Amino acid sequence: MSFENAFKREANFINGGWSAADSGATVEVTNPATGETIGTIPHAGRAETARAIESAHLAFQTWKKKTAEERSTLMMKLADEIMANIDELAVLLTTEMGKPLAEAKGEITGGAKYIRFFAEEAKRVYGDMIPSPWADRRIMVTKEPVGVVGAITPWNFPNSMIARKLGAALAAGCTMVIKPSEFTPFSALAYGVLAEKVGIPKGVINVLTGEAKDIGEEMCENPRVAKITFTGSTRVGKILAGNAGKHMKKISMELGGNAPFIVFDDADLDKAVEGAIASKFRNSGQTCVCANRLYVQSGVYDAFAAKLAKAVEAQLKPGNGLEAGSTQGPLINAAAVTKVKDHLEDALAKGGKIITGGTALNGPGTFFEPTVVTGAHQDMRVAREETFGPLAVLFRFETEEEVIDRANDTEYGLACYFYTKDLGRSFRVMEALEYGLVGVNEGVITTEVAPFGGVKESGMGNEGSKYGLDDYLTIKYACFGGL
Ligand code: ADP
């Protein structure tokens, strides 16, 4: 099938121009809902990455000198252009990634909000005058952009994962080389089209696709790159952080999670079910903040399980995201379906019981039914590993202390959620959970105005909010003497 879209480009965006890989090699991109090829992208390597970095370095010399107002104005235009083309961009996103069109529009709106938020923040990069211990000297602190940023992004939010890096970078005065996931390159290359349309100077934004390992190595080793920002698996994050560390580059890492979702006996069960549906099944379970382990206190375990299964059956409908009524798009590829199957089989072999769902739907798309399993315990794979799919497993617990220990018993520390009506408990548990993001009686909490970031092996740094800008700035201290 040839797929037409005004924003689809089958070339890399380097130094304001569109180019093929030096070797001419290409890779096919597939629609996960149909299995059809929707286009090809260049399979670039280190040389093309080095050229993109060089162009970003040249562009940085002038971009950083623009006033915050000038950068902000261009960024606002970029956000407006995104929103003016949201329908076309959403079709592109759904076709390459699978999520329902309404969710794609939600993501793109969120992306534009990140860019707007940082366009405003650009004007608030304040410095400091520090009272001097010397009568004849003054102490001044200013903030400067770090420089060229290498960004590597995943497929689950092809638009907004870029927006929240790009927004902060452009606001700070940095320039960027972006390598998107090979599964969802077109939404990323669309930023090239948008940048051209609104007149962002060439080289400020570069987007290239190709051999991930080689591009990552060039970004980490090239002396022109000052910072690496990555969203993806902890496995790849460790490779990049290690390589970046060898060259003393700044890093921001948004990595995997293993989110606990805790329902206490005193919770509002209907709200908890609503939150579980949103947190577990949004994006077909493919977000790094998706609930992965649902801990339900004994007194409400059976009631919660029954309500959740009923809500899943009533509300969730797998289907092609372009078709009206679909709420659950396909998983990104066959490997993702295999992982869900493996986790489910392991849980069943260890005593788990399916109360709804449980099967992969017949192809050509890579769909898996929304599934709920009861009787989960800590030696199942789902207790340790992120499923990244529509499988909700319910663990039973007795006490607050016990569930806090179990919730924290993971190397990850991104998002966690709990439901209770007890004010004292809400503070105690919030403080005891070793996570970067906590939803108290809420299942979806991401917004551009709040910081997003994990602890432990879920990464470091924050995106969004005033804190997100700091990751793209360095501090300079100047001492004025001889007064
Ligand atoms: P996921 O499992 O969510 O696909 P990955 O960490 O594998 O997460 O992928 C996230 C991003 O990292 C993608 O853009 C992918 O191409 C890229 N990537 C994968 N392996 C490497 C690597 N060795 N070096 C740099 N980037 C990589």
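UniProt positions are given in the numbering used here, feature names are shortened, and annotations may be inferred rather than shown by experiment. Residue numbers start from 1 along each chain as its sequence is written. The model is predicted: local features need pLDDT of at least 70, side-chain atom pairs count only at pLDDT 80 or more, and totals for chains, interfaces and linings use all residues.

**Stop 1: Glu254**

Select Glu254. UniProt, in an unreviewed entry, places the feature "active site" here, at Glu254. Glu254 sits in strand β11, residues 250-254. Helices (H or I, at least four residues) and strands (E, at least two) are DSSP runs, numbered from the N terminus.

Is Glu254 buried or exposed? Glu254 is buried, because 28 other C-beta atoms lie within 10 Å. The cut-offs: 20 or more such atoms within 10 Å of a residue's own C-beta is buried, 12 or fewer is exposed, in between is partly exposed, with C-beta atoms placed from the backbone.

**Stop 2**

**Stop 3: Ala306**

Move to helix α10, residues 298-315, and pick Ala306. Ala306 is partly exposed, because 15 other C-beta atoms lie within 10 Å. Finish with Ile355: Ala306 and Ile355 are 49 residues apart in sequence, yet 8.2 Å apart in space, C-alpha to C-alpha.
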